[in-house]
Amino acid sequence: MTQAEKEQDNGKEKEKERDKEKEKEQQRGVKRPIAPPVIPDPLQEQIQSNFIVVIHPGSRTLRIGRATDNLPVTLPHVIARRHKQTGQPRYEDAWLLRDGLNKTESNDQRQNGLKMVDQAIWSKKMSNGVRRTPVSAEQARAYNCQIRPAVLDSSSRVKWSNTAHQPPHLVGEEALYVNPSDSYNIHWPIVRGQLNVHAGTGGSLTAVLADLETIWSHVIQKQLEIPLKDLKYYRCILLVPDIYNRQHIKEVVNMLLLNMGFSAIIVHQESVCATFGSGLSSACVVDVGDQKSSLCCVEDGVSHRNSRLCLAYGGSDVTRTFFWLLQRAGFPYRDCQLSSRLNCQLLQHLKETFCHLNQDISGLQDHEFQTRLPEAPALLYQVRLGDEKLQAPMGLFYPTTFGIVGQKMTSLQYRSQGDSEDPHDEHYLMATQSKQDQSSKSAADRKGLSRPGGGLDGEMSGQGGVGELSDLTRGCGGGSGGGGMKGEMEFGPAQGECLMGAGEVEEPLSAHLSRKTAIMSQFESKALGLDKAVLHSIDCCASDETKRKMYSSILVVGGGLMFQGAQEFLLHRIINKMPPSFRRLVDNVEVITRPKDMDPRLISWKGGAVLACLDTTQEMWIHQREWQRFGVRMLRERAAFVW
C-alpha cells in the first residue's frame, strides 16, 4: 500500500468517527456552534524524503532531483520550440550578449577598467615578494597570428539534434544542438535570476511559465523517471533568489501545485539553503552565478533583509571579457562568434580551463584546445596567453571591465506593491497600526485636556503629524522582503544612513521621496565590485556582533568564481578594505569556497535536500487544497522568510 493510500484510509476512518460523534450528540440534544468550514489539517505523518523533489532553477543551469539523491540532475536551462507556422521568423535568446554592450562609451569603459585591473595586478606582490612583470597582448599576438589549426579528424563526430520527426520541443543539451537552419526558437526562461519576460517572441509571462513547466516536466519524467500523473503523491521544495519578484514566485508556485500537480510545496531562499548545505549556522553568502551575483547575510537560518544585494553580472560576463582579451591577443580560432551557441559553450570551457586568480602564475604560456562542431572536422589549435587569464576573472572586482553602459547593475530590496488576493498584507497592517496610534494619541490628548495644565491641541497634533511622516519616510525595517520591480525601496539602518544620511525626516514628504529615488537610481547604476559588495552587505547588519560573525564566515557558492586562487584573492582584498575598527575586533576573516569538499555549484540544492529532512519544516508545507482556497496568502503565512 502506498503512502497516499494509507493517508486516504486514515482520513476515511477519522471521518466515520466524527460522523458517529455527531449522531450521538444529536441524540443527546447537544447544540454545536456554527463554525465556518475549514480545510482539515493535513495528517502529521512522517514524510518520506524520496517523495520530495528539490528544484533549483538557475539562469543557465537547472538542478533538480529527489531529496534522497546524492547529486541532482544538472542540465542547461533552455528549450527549443518548433515554429507553429512555416516561414515564421526565427528567434533566439542571447547567451553571452546582453543590452548595454554596444554603446559609444562601452569600449572606453572597458579600456579604463582594464587599466585599473593592470594597476591592481602590479600593486600586489607575488608570494616571493617580487612584483609581477606585466605581459603585453602584442607579445602573444605576434605568435598567435601565425598559428594554423591541425586537423585531428575529418569528422568531429558531433551531430545536430535529430528533428526529423518534428518534435514540438527539445530540452537541455538537445536544445543547444538544434541546427540554426531548423524551424525552432531557442528560449532561456530565466535571465539574471528572474523570469525572462520581454517584448520579443516567447517573452510573455504565460509563455515563460509554459517553458518552465515543459522543461521541468520533461526532466521529472525522463531523468527522474516519475510519471507526471504520480506527482500528486510527491512534494516539492523550490529555491528562489534572495531578492525575488513576488508576482513571479506566485505564478511559479501556482504552476507547480495546480498545473503540474504536486501535493505540497515549500519555497525557500537560495542563501539560507546554502548555509544548510554547507553545515554553517551563520555566514555571509556570496552566490556568484552565470548572470548575477547575489549577497546576503544569514544568521541561524534567517536571511537579513537589509543585507541583500544583487549584482547584475556573473560568470558569463567574465567569459565575454575573456573573449575580448583573446581577440586582442590574436585568438587563432577566427570564426568564433558570440552569436553562436556552440561557440559560447566553447568559450565557457576555455574560461574554466585557462583562467585563474593566482598571481604567482606569470609570463607567457602555451596552451591548446580543440573545436568539435557538427558537419565540420575536429581541429586542434595552439594559443599563447599571458595576463589575459588573470585579467578576465578580475572583472568581477572591477566590473567596468565588462563594458556595460546604461543598465541597472545593483539591486536592493523593494517594498511590496500589494496583491488583490492578499488584502491583509503589510500595507493593511501598517495602515491599521497607524490608525491605532492615532486613536491612542487622541485618547491621550483628551485625558491631557481634562487635567489642569494638560497638553495643548497644537502640540499633540504636531506630534501626530511627525509620527505619521516618520512612519512613511522610515527607510529602515518595516515591511516584508522581496518583490515587485517597481515601488519604494526598503533599507536597513546601515543602508539608510549610508545612502540617505541620518536624521533628515523633517523635510516635506514629497521632497524626501524624490531625493530618495534620485539617490537610489544613482546607486543602482553603479556596479560594485564583489569585494566592495561583501563589505556593503556585512555593514548593513544591525549589530557589531553579527558583523563579526559574518566576517569570520564568508561562504562563496555558485560556479562563477571557481578559479584557482579565488579563495586567497578574495580574502586578501576583503582584509585590505575592511573598516580599520573591525580589523582590530575580528579575530580571523575566513573565506570558504568548498565546504566539506563539495562542489560549490551544488551547495544550495543540497541545502534544499537537507531542508526536506528537518522536523521543523513540517509546518512550512503549503498544500494544494490550501493554495486553491487561500492563494498567495499561504506564502505570507507559511514561508520561512518575511514575505
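Modeller: Let us begin with Y313 and F402, both of which are buried; please keep in mind throughout that this is a predicted model.

Colleague: What makes Y313 and F402 an aromatic pair, and why is the pair called tilted?

Modeller: The ring centres of Y313 and F402 are 5.5 Å apart, and the limit for pairing is 6.5 Å, so the two rings qualify. Their planes make an angle of 50°, and because stacked requires under 30 degrees and edge-to-face over 60, the remaining label, tilted, applies. The pair also links distant parts of the chain, with Y313 in the loop between β15 (309-311) and α8 (315-328) and F402 in the loop between α10 (388-391) and β18 (410-411), 89 residues apart.

Colleague: How many aromatic pairs does the structure hold, and why is the one formed by Y244 and F641 called edge-to-face?

Modeller: The structure holds twelve aromatic pairs. For Y244 and F641 the centres are 5.5 Å apart and the planes stand at 65°, which is over the 60 degrees that edge-to-face asks for. Since Y244 lies in the loop between β10 (235-240) and α6 (246-259), and F641 in the segment after α21 (633-638), the pair ties together parts that are 397 residues apart in sequence.

Colleague: How do you know whether Y244 is buried or exposed, and what about F641?

Modeller: Buried means under 20% relative accessible area. Y244 has 1% and is therefore buried, and F641, with 7%, is buried too.

Colleague: Why is D597 called exposed, while R192 is called partly exposed?

Modeller: The relative accessible area of D597 is 68%, and exposed begins over 50%, so D597 belongs in that class. R192, in turn, has 27%, which falls between the limits of 20% and 50% and is therefore partly exposed. D597 is found in the loop between β20 (591-592) and α19 (603-613), and R192 in the loop between β8 (190-191) and β9 (194-195).

Colleague: What makes the phi of R192 and of D597 worth a remark?

Modeller: Most residues other than glycine have a negative phi. R192 has a positive phi of about 50° although it is not a glycine, and D597, likewise not a glycine, has a positive phi of about 55°.

Colleague: How do you know that the charged end of R384 sits over the ring of Y143?

Modeller: The charged end of R384 is 3.8 Å from the ring centre of Y143, and the distance limit is 6 Å, with a further condition on the angle to the ring normal. R60 lies over the face of W188 as well, at 3.9 Å from the ring centre.

Colleague: Finally, which residues touch the most other members of the largest nonpolar core?

Modeller: Of its 80 residues, those are V286, L357, M394, I554, L561 and I574. The largest share of this core, six residues, comes from α8. Leaving aside neighbours within four places in sequence, M394 is in contact with V117, A120, I121, L357 and F569. Apart from this core lies another, of 43 residues, among them L212, V219, L224 and F262.

Methods
Residues are numbered from 1 along each chain as its sequence is written. This is a predicted model: local features need pLDDT of at least 70, side-chain atom pairs count only at pLDDT 80 or more; totals for chains, interfaces and linings use all residues. Side-chain values use heavy atoms; hydrogens and water are left out. Rings of Phe, Tyr and Trp (its six-membered ring) pair if their centres lie within 6.5 Å; planes under 30 degrees apart count as stacked, over 60 as edge-to-face and the rest as tilted. Helices (H or I, at least four residues) and strands (E, at least two) are DSSP runs, numbered from the N terminus. Buried means under 20% relative accessible area, exposed over 50%, partly exposed in between (1.4 Å probe, protein chains only). A charge sits over a ring if NZ of Lys or CZ of Arg is within 6 Å of the ring centre and within 35 degrees of the ring normal. A nonpolar core is a set of buried Ala, Val, Leu, Ile, Met, Phe, Trp, Tyr and Cys residues joined through side-chain atoms within 4.5 Å. Contact means heavy atoms within 4.5 Å.
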